[in-house]
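Please keep the 3D view open as you read, and take the points in any order you like.

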Amino acid sequence: MHGYCGKILTIDLSNSKISECEMISKDGTDFLGGFGMNTKILLDEMEPSIDALSEKNVLTFGVGPLVGTFAPTANRTEISAKSPLTGLMGTSNSGYSWGPELKYAGYDNIVIKGKAEKPVYIFINNENVRIIDAMNLWGKNSWETIREIKAQLGQKEASVACIGVGGENLVRFASIENGFYGAWGRTGLGAVMGSKNLKAVVVKGNRDLTVAEPEKFQEAVSEMRSSITNHPTFKPWSTFGSMVAVDVNYDLGAVTGYDQSELVGEDFIKNLGRKNLLKYKKRSLACTACPLACSPWVEIDEGPYKGLKIKGIEITSTMDFGARLGFRNLPAIAKATEYFQKFGIDCSTAAASIGFATKLFEENIIDKSDTEGLELKWGDESLVFELMRKIAYREGFGDLLAEGPVRIAKKIGRGSEEYLTQTRGLETNIRDPRVRWDVWTFGALINPRGGDHLRVQASVENYKTPCPEGEYIYEPGLPKKVVDKVDILDEWKEKIFDFEKNTTSIPYMAASAQDHLNVVNSLGICIRPPVAWSLGPKIFSKLMSALIGIEYSPEDIRKAGERISNASRLFNARAGEKREDLKFAPKYYNSSVNDRKLDKNKIDEVVSKYCEAREWDPNTALPSHEKLKSLGLEKYANPKG
Amino acid sequence: MNDYLGIDQRLCTGCKTCALACSFNYFGVFNPEKAYIKVIRHEEAGTFDIVIKNGCIPCKICEESCPTKALIFIQREEE
Ligand code: SF4
Ligand code: SF4
């Protein structure tokens, strides 16, 4: 099998059983790989209603068919399981070297089941797979863990996915660290590893990865490369990395601060805008096969954090610690980055837990008797770092914060749930839907992993015209010549764009964008705008046909994305998410920011329209039996569907 | 004339595209360990070493594939 290794490795930690099975080629064609294969594996291997921290949860690492080749950014790995934070599908994507290494070791997916009796880690060295005692690593932070594992195995170049103390202590938003500076951050997958007594999964391989039609593949990769490098976002992203989007979102008027209570002011952009990064950025670093190299290596040579050298000041951490918590200098955000990486906790939910508590403190809903005497206030850097430590070790007040905002509200009561910014269990960050209603913010309601912004983003959007207040179905349209350049199939362009009325349909674009990003996350390439926005079904069909040697039409690719959207919705429905749960946190409907709040009924109409776009029943948000049959998913039908 | 490959470490991002292009061109497969150019990432320090292995012609494939022009193909007169 070209492109794929054709093998899935299953490890049952309860009985140390290691087995291999062949990937059926139809599964590859239907679900592509990465996120798609993970979704299929979870539906096949577990009951979505189980307790996410029980040994019944299944943790799967999926690497797409392009990964390991030199197709630009083909380095991504998706990890999925049921989320202990949201109760929905937990899933997260990260790059660098782990994915390519797994392909060179000969596997497309790893499936981890059960629970080890004592702490262990897994070492995959080509077909030699070992479960190794990790007692001496338990209690170590992720950086120490990586150093020790590499030394112990004598494998300096192995790739390490591991948990820090956050995962060991079952912090509900613990991350899995991807080497020193990356992470599968969202939805608490580190806690799933911790619950299995699994400290790390280490890979090293040197097997060949083959291509069905090398010349055609080379051609398709050249075309892909020039689409990416010629995209207007390429240059700014290679200069500023993701920080470029801090200014973009600020200029849109979309960023709110202090746990999303008010619009951020000029001091935010003056101190945290992208230009500030260049004071500290020394060079650009890339994941494997990436021409963009979006990660900055930063060195802090002044102030209280002088001497800190680290990869990555990113938009997400800037929004989490800057907008949400009130930090106003990038070195402090770099320092926060060191902490969340070493502890192995997700920066967004960590900041959201602290932000929520700070907001409740400000509103006198909690006081010092709840916080072990700590006075919570905005922008207090050392207090935030101390709280992150307490979270990771579940120490004192940190034990409550480690449960995440939704559970904090349940525990505290006193009307605190009105202040939550969590939609479907996950914080909606970067853009506040009240001040910017568009495909991106609507996406929080349909994203398979809960209310964040990373799984439903349009490849093209009108940044210049503000969305008119009160309009929910359409966002401002785009000129035909702009749309012509976007790789979306014509049939869908007709449904999405109306050039006469100058509108873009939010529900139709959302369905199309979600399917597209599913494909991106399944093939194993990066969702950064110069990549995801410059590519689509047409180029993917060329790449896949040449790589695998099976003809993929652009429609096959689009349909695979649609299949994955349907499958992930089935997972969530079986985990208990109902149509009426597809709504924002109450705060967005009840309290205004800049005189704007959301209209619940109108948003409900958008959800119904989205169901229409998907040919789902608007009352259940579930596909009909015919729909499932047309996608080959009938065996996964929801019992109630 | 005897050509050799110059490496500008400051421009290298550690992407390994050069090694992948090399192995694909000479062996028809992707396998960085087979490539005649090796990129060693010192991940914690954020630095790289590039080593040219025995067998390198040099042929310009890696230079052409490098997105940052960190590899420079230098022609030198024979002494
Ligand atoms: S764009 Fe950035 S995150 Fe994506 S593959 Fe390249 S270096 Fe990695
Ligand atoms: S292709 Fe260029 S930037 Fe990438 S690792 Fe090789 S020399 Fe460095």
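1. B:Pro58 sits in the loop that runs between strand S4 (47-52) and helix H2 (61-65) of chain B. The peptide bond that joins B:Ile57 and B:Pro58 is cis, with omega at about -15 degrees. Please bear in mind throughout that this is a predicted model.

2. Staying with chain B, which residues surround ligand 2? Four cysteines are named in the shell, B:Cys12, B:Cys15, B:Cys18 and B:Cys66. With them come B:Thr13, B:Gly14, B:Lys16, B:Val39, B:Ile50, B:Pro67, B:Thr68 and B:Leu71. By class, the shell around ligand 2 holds eight nonpolar residues, three polar ones and one charged.

3. Now to chain A, and a hairpin. Strand S1 (residues 7-12) and strand S2 (residues 17-22) of chain A are paired antiparallel over six bridges. One of the pairs to look for is A:Leu9, whose bridge partner in S2(A) is A:Glu20. Four residues separate S1(A) and S2(A) in this hairpin, and A:Ser16 in the turn has a positive phi of about 55 degrees. As a reminder, the strands of a sheet pair through backbone hydrogen bonds, in either a parallel or an antiparallel sense.

4. Next comes a six-stranded sheet in chain A. This sheet is open, its strands follow the order S8-S7-S12-S9-S10-S11, and their pairing is mixed. At its edges are strand S8 (128-133) and strand S11 (182-184) of chain A, each of which pairs on one side only. From one strand to the next, the twist averages 20 degrees. Helix H4 (residues 142-153) of chain A packs on this sheet, where it touches S7, S8, strand S9 (159-162), S10 and strand S12 (198-204) of chain A. The direction of H4(A) makes about 135 degrees with that of S9(A).

5. Strand S10 (residues 176-178) of chain A runs antiparallel to S11(A), and three bridges join them. Across this pairing, A:Glu177 stands opposite A:Ala183 in S11(A).

6. Is A:Ile124 buried or exposed? Its relative accessibility is 0%, so A:Ile124 counts as buried. Beyond its neighbours within four places in sequence, A:Ile124 is in contact with A:Leu9, A:Leu102, A:Ala105, A:Tyr107, A:Ile110 and A:Val129, and also with A:Val201, A:Val202, A:Val203 and A:Lys204. A:Leu9 in that list is also the bridge partner of A:Glu20 in S2(A). For a sense of scale, A:Ser25 is 99 residues from A:Ile124 along the chain, and the C-alpha atoms of the two are separated by 23 Å.

7. Further along chain A there is a three-stranded sheet. It is open, has the order S16-S17-S18 (chain A), and pairs antiparallel. Strand S16 (281-285) and strand S18 (309-311) of chain A each have a single partner strand, so one side of each is left without a neighbour in the sheet. The twist here averages 20 degrees from one strand to the next. Strand S17 (residues 295-299) of chain A is joined to S18(A) by three bridges, and A:Val298 stands opposite A:Ile310 in S18(A).

8. Two alanines deserve a look for their backbone angles. A:Ala293, in the loop between S16 and S17 of chain A, has a phi near 50 degrees, a positive value in a residue other than glycine. A:Ala293 counts as buried because its relative accessibility is 4%. A:Ala621 is in the loop between strand S24 (616-617) and strand S25 (622-623) of chain A, and its phi is near 55 degrees, again positive in a residue other than glycine. With 1% relative accessibility, A:Ala621 counts as buried.

9. Last, a pair of helices. How do helix H12 (residues 315-324) and helix H14 (residues 347-362) of chain A pack? Their axes are 9 Å apart, at an angle of about 10 degrees, and H12(A) and H14(A) are therefore roughly parallel to each other. H12(A) brings A:Thr316, A:Asp320, A:Phe321 and A:Arg324 to the contact, and H14(A) brings A:Cys347, A:Ser348, A:Ala351 and A:Ala352. Sorted by class, the contact of H12(A) with H14(A) has four nonpolar, two polar and two charged residues.

Conventions:
Residues are numbered from 1 along each chain as its sequence is written. Chains are lettered from A and ligands numbered from 1 in the order in which they are written. This is a predicted model: local features need pLDDT of at least 70, side-chain atom pairs count only at pLDDT 80 or more; totals for chains, interfaces and linings use all residues. Side-chain values use heavy atoms; hydrogens and water are left out. A residue is near a molecule or strand if one of its heavy atoms lies within 4 Å of it. Ala, Val, Leu, Ile, Met, Phe, Trp, Tyr, Cys and Pro count as nonpolar, Asp, Glu, Lys and Arg as charged, and the others, Gly among them, as polar. Buried means under 20% relative accessible area, exposed over 50%, partly exposed in between (1.4 Å probe, protein chains only). Contact means heavy atoms within 4.5 Å. Two strands pair if DSSP finds at least two bridges between them. Axes are lines fitted to C-alpha atoms, for helices over the stretch in contact, and angles run from 0 to 180 degrees between N-to-C directions. Angles under 35 degrees count as roughly parallel, over 145 as roughly antiparallel, 65 to 115 as roughly perpendicular and the rest as oblique.
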